[in-house]
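Please keep the sequence and the structure in view while reading.

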Number of protein chains: 2
Amino acid sequence: MDRSAIKSDAAEPEVGGRVRRQRRKMQRVTMMDVANRAGVSSSTVSLYLRRPDAVSPAAGQEIAQALEALGYVPNLVAGGLAAAGSRVVSVIVPSIRNAFFAETVASLQTELAAEGLQVMLGHSEYSETDEEALIRTALAWAPAAIVLTGLSHSIAARKLLTSAGVPVVEMWELGAQAPVDMAVGFSHTAVGATAARHFAQQGFTRLAFLGARLSQDRRAAARAEGFVAEAVRLGLPEPQIINHPAPATAEAGAQLLGRVQANLPGLQAVACSNDLIALGVLFECQRRGVTVPGDLAVIGFGDLSFSSTSNPPLTTIRPSGDLIGREVARLIKASAHGERPPEAERIVDTGHLLVERKSG
Amino acid sequence: MDRSAIKSDAAEPEVGGRVRRQRRKMQRVTMMDVANRAGVSSSTVSLYLRRPDAVSPAAGQEIAQALEALGYVPNLVAGGLAAAGSRVVSVIVPSIRNAFFAETVASLQTELAAEGLQVMLGHSEYSETDEEALIRTALAWAPAAIVLTGLSHSIAARKLLTSAGVPVVEMWELGAQAPVDMAVGFSHTAVGATAARHFAQQGFTRLAFLGARLSQDRRAAARAEGFVAEAVRLGLPEPQIINHPAPATAEAGAQLLGRVQANLPGLQAVACSNDLIALGVLFECQRRGVTVPGDLAVIGFGDLSFSSTSNPPLTTIRPSGDLIGREVARLIKASAHGERPPEAERIVDTGHLLVERKSG
DNA sequence: CTGAAAGCGCTAACAC
DNA sequence: GTGTTAGCGCTTTCAG
């Protein structure tokens with residue numbers, strides 16, 4: 001095709017290959033553009049961006065001006081490639097709709113942003129298969145770190161993770177098994193045990209655990225197991241675990257209460273796998289005229305925002321989602337700069353807190 | 001420094017520069033490695049990855065085997081650089097803790113993942129300054145698109161956005177002003193008006209609007225304005241707007257009800273800026289013995305998961321956060337492949353739905 | 001303190 | 001159908 005007919009932009013020589021090609025987006029301002037304008041080389045600009053006082057004040061001036069005038073926006077993709085590692089932290093949670101993880105992701109992202117790290121988010125919907133796929137694409141970004149929820153992953157996922165040589169921190173669970181690399185969380189079994197002990201201390205003997213999707217949510221299942229085990233250890237009759245197939249919502253809690261009323265007469269106290277379920281229980285108790293904690297004591301998990309002001313205020317166990325986020329960030333920062341943190345600091349237990357209010 | 005003492009790995013010639021340097025992470029398996037093993041060139045591997053049936057079956061076989069044997073994980077950073085545009089969509093919301101945005105982000109990320117696009121998340125905490133910074137780093141990733149919440153941004157942010165030539169879609173708001181590029185949402189003024197009309201139809205005349213952080217949350221403020229304006233238009237006395245300084249929680253709702261009871265005797269109905277506030281109002285009404293809707297009608301906004309099962313079930317307005325997410329995803333996909341969508345399709349109104357239950 | 005040079009791993013023309 | 005060739009925009013030795 002004869003290009004001579006095309007009006008060339010005058011003196012633009014065709015040597016060196018194509019004229020600066022116009023891709024679908026107008027060409028970005030590059031570091032080279034800045035360098036040219038400032039009368040220095042691009043590597044000096046690069047240096048300036050990284051350590052401003054490593055260049056002479058004069059050059060620094062010029063560069064700063066050029067940066068400003070051109071409205072330079074760095075290209076982190078190029079930077080990541082050149083530096084063999086991007087400033088991305090990939091975070092995979094079961095569900096972002098879940099207030100627990102939302103809180104953690106929020107605090108994590110705040111902390112990481114201060115360090116110039118970006119959060120790339122994925123949610124697995126409690127599926128190990130989905131999680132594995134997510135991990136695979138996460139790795140494709142050569143992330144600075146990868147954050148996972150829980151300790152159980154598919155075998156392939158674990159292999160992927162260990163062979164990638166990327167710092168990985170697992171959060172929101174501790175004790176179920178050894179972490180791949182680092183972990184921040186707490187024991188869900190211990191949470192269940194705390195609830196059981198709390199009820200036992202008040203003299204309740206006929207207990208039950210109310211949960212939703214226990215077969216998928218292994219952490220909730222661990223709380224249930226901890227609850228049952230501790231009750232038994234304390235010599236109480238073995239509590240029933242009642243499971244709802246749908247996600248944990250107030251609606252599920254209300255239905256669960258109905259089942260419990262119908263099938264477990266004489267029940268004195270219920271532990272709920274989370275505060276939303278407990279809220280539904282509270283609602284349904286009101287409707288049925290069962291007084292809380294008089295007729296039935298209830299304890300939740302999560303200490304969500306409504307829990308302090310419900311009727312009655314909900315006794316619950318607080319896991320500190322934001323603390324988890326901050327600690328995860330700390331571990332990531334620690335492993336970003338130099339080597340990995342010392343053995344002893346690679347697992348941090350954020351514990352849990354019993355918040356005694358009026359429901360049980 | 002004399003390197004001759006170092007045991008060289010035998011025949012490794014030093015010509016051509018450094019021996020394959022070992023960075024902090026063991027060298028990844030590259031496309032070149034795969035190509036070598038499969039006995040083809042790297043561009044054939046690249047082609048195979050993109051369009052498997054564009055290469056001969058024989059070569060395809062070999063490549064597939066090599067891919068598998070080596071455990072190849074593509075480097076999307078390099079790919080993004082070469083292709084002049086990464087497969088990242090940057091999403092900036094005011095707060096990920098907010099159930100509305102969590103829902104949208106969840107559906108958005110599900111849709112986008114199916115298209116091989118990653119969500120990079122940022123939250124501005126309702127600060128335009130923070131948002132601007134977030135936009136700046138977002139742009140540094142040469143994203144396939146950028147998703148923002150609301151229509152108001154700092155001047156610098158708008159400039160950044162328009163000059164970047166990246167598809168941008170603003171969500172969760174419509175009508176306040178023209179979008180930068182595309183928008184998916186609904187009118188918050190209309191939501192407020194719907195609430196006012198709903199109350200008017202039932203014969204209530206003494207109304208109030210209960211909100212939190214109205215100076216920061218412009219969309220909530222728009223709902224308040226719409227509510228007041230419509231009430232006035234219908235000939236009712238101008239409703240008071242009561243604002244709470246802390247974030248919108250049930251606790252805030254409870255306090256708001258207290259203020260309203262003390263200062264606005266004779267009040268018949270309140271519209272709340274979201275369901276969490278309405279829930280707090282319900283709780284506080286119970287404590288004070290004010291019956292809902294008998295003594296006071298209440299309407300919320302959001303239709304959160306507990307709203308259908310509270311006492312009484314909450315009348316509310318549903319914004320469809322997941323629909324917004326899906327529509328945003330659709331626009332992004334549409335602008336990813338070819339040009340931008342036709343003018344008429346660049347703004348999509350997801351509307352709102354009045355959900356009449358028992359509270360008002 | 002500054003610049004030249006050599007890629008990072010991949011994509012995309014463009015030949016063959 | 002497949003290989004060759006140029007980079008994408010930046011970081012990073014390594015000289016000077």
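## The contact between the two chains

In this predicted model, 49 residues of chain A are in contact with 50 residues of chain B; two residues are in contact if their C-beta atoms, placed from the backbone, lie within 7 Å. On the side of chain A that touches chain B, at least two residues each come from helix H4 (76-82), helix H5 (99-114), strand E2 (118-123), helix H6 (128-139), helix H10 (250-263) and helix H11 (275-288) of chain A. Helices (H or I, at least four residues) and strands (E, at least two) are DSSP runs, numbered from the N terminus. H11(A) gives the most to this side, with six residues. By class, the side of chain A that touches chain B has 25 nonpolar, 17 polar and seven charged residues. Here Ala, Val, Leu, Ile, Met, Phe, Trp, Tyr, Cys and Pro count as nonpolar, Asp, Glu, Lys and Arg as charged, and the others, Gly among them, as polar.

E2(A) and strand E2 (residues 118-123) of chain B run antiparallel and are joined by three bridges; two strands pair if DSSP finds at least two bridges between them. In this pairing, Val119(A) stands opposite Leu121(B) in E2(B).

The conventions are as follows. Residues are numbered from 1 along each chain as its sequence is written, while chains are lettered from A and ligands numbered from 1 in the order in which they are written. This is a predicted model, in which local features need pLDDT of at least 70 and side-chain atom pairs count only at pLDDT 80 or more, whereas totals for chains, interfaces and linings use all residues.

## The DNA strands

Around DNA strand D there are 31 residues, of which Met31(A), Ser43(A), Ala82(A), Val55(B) and Ser56(B) come nearest. A residue is near a molecule or strand if its C-beta atom, placed from the backbone, lies within 6 Å of it. H2(A) gives the most to the surface near DNA strand D, with five residues. DNA strand C is surrounded by 30 residues, and the closest are Val55(A), Ser56(A), Met31(B), Ser43(B) and Ala82(B). The table gives the classes of residues on each surface.

| Surface near | Nonpolar | Polar | Charged |
|---|---|---|---|
| DNA strand D | 17 residues | 13 residues | one residue |
| DNA strand C | 16 residues | 13 residues | one residue |

## Backbone details and cores

Most residues other than glycine have a negative phi, and most peptide bonds are trans. The peptide bond from Asn311(A) to Pro312(A) is cis, with omega near -10 degrees, and Pro312(A) is placed in the loop between strand E9 (297-299) and strand E10 (316-318) of chain A. In chain B, the bond from Asn311(B) to Pro312(B) is also cis, with omega near -10 degrees.

Trp172(A), a residue other than glycine, has a positive phi near 70 degrees. Trp172(A) counts as buried because it has 24 C-beta neighbours inside 10 Å. A residue is buried if 20 or more other C-beta atoms lie within 10 Å of its own, exposed if 12 or fewer, and partly exposed in between, with C-beta atoms placed from the backbone.

The largest nonpolar core has 106 residues, and those with the most contacts inside it are Val169(A) and Val169(B). A nonpolar core is a set of buried Ala, Val, Leu, Ile, Met, Phe, Trp, Tyr and Cys residues joined through C-beta atoms within 7 Å.
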